[in-house]
Amino acid sequence: MYDRILVPTDGSDGIEPVIEHALELARVHDATVHGLYVLDTATMSRMPMDTSWEAVSDMLREEAERALTQVEALAGDTVIVETEMTEGAPSRQIVDRARDADVDLIVMGTHGRGGLNRLLLGSVAERVIRSASVPVLTYRVGEPPEVRSPEE
């Protein structure tokens with residue numbers, strides 16, 4: 001069912017279960033995982049002018065390398081992983097990469113913001129869901145899953 005699975009990562013705390021879920025799906029379907037880290041250039045443009053762009057760029061690239069190395073490490077020898085770092089608007093880059101790599105599924109984390117926070121901050125996951133031409137599986141980052149009793 002799935003031959004290529006895209007898992008965008010931002011290297012944040014709590015992203016490991018998202019990656020592990022994508023890797024488990026890849027194991028079951030004998031699929032390749034495409035790890036993607038997007039350097040958010042919009043964030044960089046909001047930094048103070050006296051900021052050393054080179055230092056910030058180096059720091060962000062190191063963070064990206066750590067995040068992509070995490071995907072490879074979690075896969076071990078059980079899943080083929082291809083990684084890529086790109087720059088731009090995260091939602092657009094994720095959708096473009098999914099199209100270009102002809103992926104069958106995107107597995108990505110969401111911080112589960114709602115209400116005013118989502119309205120003000122937007123949601124990368126929501127924009128990807130609205131724009132992607134393939135299924136998008138979202139996994140809430142940072143909170144344990146809510147367990148409901150059978151009576152509910």
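This is a predicted model: local features need pLDDT of at least 70, side-chain atom pairs count only at pLDDT 80 or more; totals for chains, interfaces and linings use all residues.
Local features were considered at pLDDT of at least 70 and side-chain atom pairs only at pLDDT 80 or more, while totals for chains, interfaces and linings use all residues. Residues are numbered from 1 along each chain as its sequence is written, and side-chain values rest on heavy atoms, with hydrogens and water left out.

Side chains of opposite charge can pair when their charged atoms come close. Searching the whole structure gave 7 salt bridges, each defined as a side-chain nitrogen of Lys or Arg within 4 Å of a carboxyl oxygen of Asp or Glu.

One of them sits in helix 1 (residues 16-29), where arginine 27 and glutamate 24 are 3 residues apart, about one turn of the helix; helices here are DSSP runs of H or I with at least four residues, numbered from the N terminus. The closest N and O atoms of this pair are 3.4 Å apart. Arginine 27 is partly exposed at 34% relative accessibility, as is glutamate 24 at 42% (buried is under 20% relative accessible area, exposed over 50%, partly exposed in between, with a 1.4 Å probe and protein chains only).

Shared partners link Asp96, Arg99 and Asp100 into one network of salt bridges. Within it, aspartate 100 meets arginine 99 at 3.2 Å, N to O. Aspartate 100 is exposed at 54% relative accessibility, and arginine 99 is exposed at 52%.

Key:
Helices (H or I, at least four residues) and strands (E, at least two) are DSSP runs, numbered from the N terminus.
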